[in-house]
Amino acid sequence: MKTIVRLLAVVFIAVASPALAADPVFPSGARVGLVPAEGLTVAKDFLGFESADQKVKVGVAEIPPAAFAAVEAAVKEGKPTTTGSKPEAFETAAGKAFITSDTGKDGATTIKMYSVIISGEKFTGYIIAQAREDAAKPLSDDAMRKMFASATLRNEVPTEEQLSLMPFKIGELSDFKTVRTLAPRSSILLTDGTEDTTLDGAPYMVIGLTASGPSSPEDRGRFAQQTAAAIPGIRNARIISNEPMRIEGTPGFETRIEAVAGKNDTPVTVVQWLRFGGGSSLRIIASATREEWPKAFPRFRAVRDGIDPR
């Protein structure tokens, strides 16, 4: 069964005291961090690190947990990889890993390329990097590998860090137990379950930005219906109301849906709120089982009314 995170979809926060030189740095919202080599800082345009001249770049990401097991099995069986490079067993601060390295050319310039996958409990850590020999401060192969060896994983990103990256402020969390970024700087999940909770499980909310919507108020009802019809993970959906409303003084629309979800066709009630803006609109999807709906809805509404633009 597909989970909420899989279906509906990471700058290090300095503390008051100075960090130690060997402390790993996590780019904003990332669950993969490392001790950057000398001359590298957190990148502005991607999740990772880069040199001032952008000729050394290190990207970090998380991929499904099964990815590490698949590579490990392929190495044991002697199967070729898709890149043709043979992964080498590699140790990191986070534990077992595999590294591949290749050398390429950009004209007469040599470029060293690397990829590292790291075994994790909830996900596989992934690092991809390139180092050009014409960088202002070139990094040797030893320096790159030393940096990769410092890689570490964190299972959770602090809630405050995740919220700080959203293009809107969420002032009320209504005691939701799990906060999980779905798309960096775009959408976020609140749920009473975990990131593995299924759509027919605990109450959840997905908050994010969508297209600005029609400029004409007369077309907003149809737009709300169309976006509600595209909510994934529910079946036999029936719109029971679709009405304009003001949300914190801003034009909006509320659409309610009755449907079923999960392998057991659990009855659920879903509400979609759209708060129309200029270049984009705020879209909130909230769902709970029919049985939990009466208690969940006031919590959904409290979160909705506590959202403000940045």
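1. A residue is called buried here when its relative accessible area is under 20%, and exposed when that value is over 50%. In this predicted model, the buried residues of helix α3 are Met144, Arg145, Met147 and Phe148. They lie on the same side of α3, because the arc they cover around the axis is only 155°. The exposed residues Asp142 and Lys146 are carried by the face of α3 turned away from that buried side.

2. What covers the buried side of this helix? The cover of the buried residues of α3 includes β2 (40-42), β4, β5 (88-92), β6, β7 and β8.

3. These strands belong to an open sheet of 7 strands with antiparallel pairing, in the order β2-β3-β4-β8-β7-β6-β5. Its edge strands are β2 and β5, each of which pairs on one side only. Neighbouring strands of the sheet are turned by 25° against each other on average, direction ignored. Strands β2 and β3 (residues 48-51) pair in the antiparallel sense over 3 bridges, and valine 42 has phenylalanine 49 in β3 as its bridge partner. Helix α2 (residues 66-77) packs on this sheet, touching β4, β6, β7 and β8, and its direction makes about 80° with that of β6. Helix α3 also packs on the sheet, its direction making about 60° with that of β5.

4. The largest nonpolar core has 26 residues, of which Leu40, Val58, Ile127, Met144, Met147 and Phe148 touch the most other members. Two or more residues of this core come from each of β4 (56-63), β6 (95-106), β7 (109-118), β8 (124-132) and α3 (141-149). Beyond its neighbours within four places in sequence, valine 58 is in contact with residues including Leu40, Ile127, Met147 and Phe148. A second, separate core of 23 residues includes Ile188, Leu190, Ala286 and Phe297. In soluble globular proteins, nonpolar side chains tend to be buried together.

5. Another open sheet of 7 strands, also with antiparallel pairing, has the order β11-β12-β13-β17-β16-β15-β14. Here β11 and β14 (235-247) are the edge strands, each pairing on one side only. The twist from one strand to the next averages 20°. Helix α5 (residues 220-229) packs on the sheet and touches β13, β14, β15 (250-261), β16 (266-275) and β17; its direction makes about 35° with that of β15. Helix α6 (residues 293-305) lies across β12, β13, β14, β15, β16 and β17, running at about 160° to β17. Strands β13 (residues 204-211) and β17 (residues 280-289) pair in the antiparallel sense over 8 bridges, with alanine 211 opposite serine 280.

6. Glutamate 254, in strand β15, deserves a separate remark. Its relative accessibility is 11%, so glutamate 254 counts as buried. The side chain of glutamate 254 makes a polar contact with that of tryptophan 273 (2.8 Å). Leaving out residues up to four places away in sequence, glutamate 254 touches, among others, Asn242, Met245, Phe297 and Arg304.

Note on methods. Residues numbered from 1 in each chain as written. Predicted model: local features only at pLDDT ≥ 70, side-chain atom pairs only at ≥ 80, totals over all residues. Heavy atoms only, no water. Pairing = 2+ DSSP bridges. Helix = DSSP H or I, 4+ residues; strand = E, 2+ residues; numbered from the N terminus. Axes fitted to C-alpha atoms, helices over the stretch in contact; angles between N-to-C directions. Contact = heavy atoms within 4.5 Å. Core = buried A, V, L, I, M, F, W, Y, C linked by side-chain atoms within 4.5 Å. Buried < 20%, exposed > 50% of the residue type's maximum accessible area, 1.4 Å probe, protein only. Polar contact = N/O pair within 3.5 Å; in protein donor to acceptor, adjacent residues only side chain to side chain. Arc of directions from axis to C-beta.
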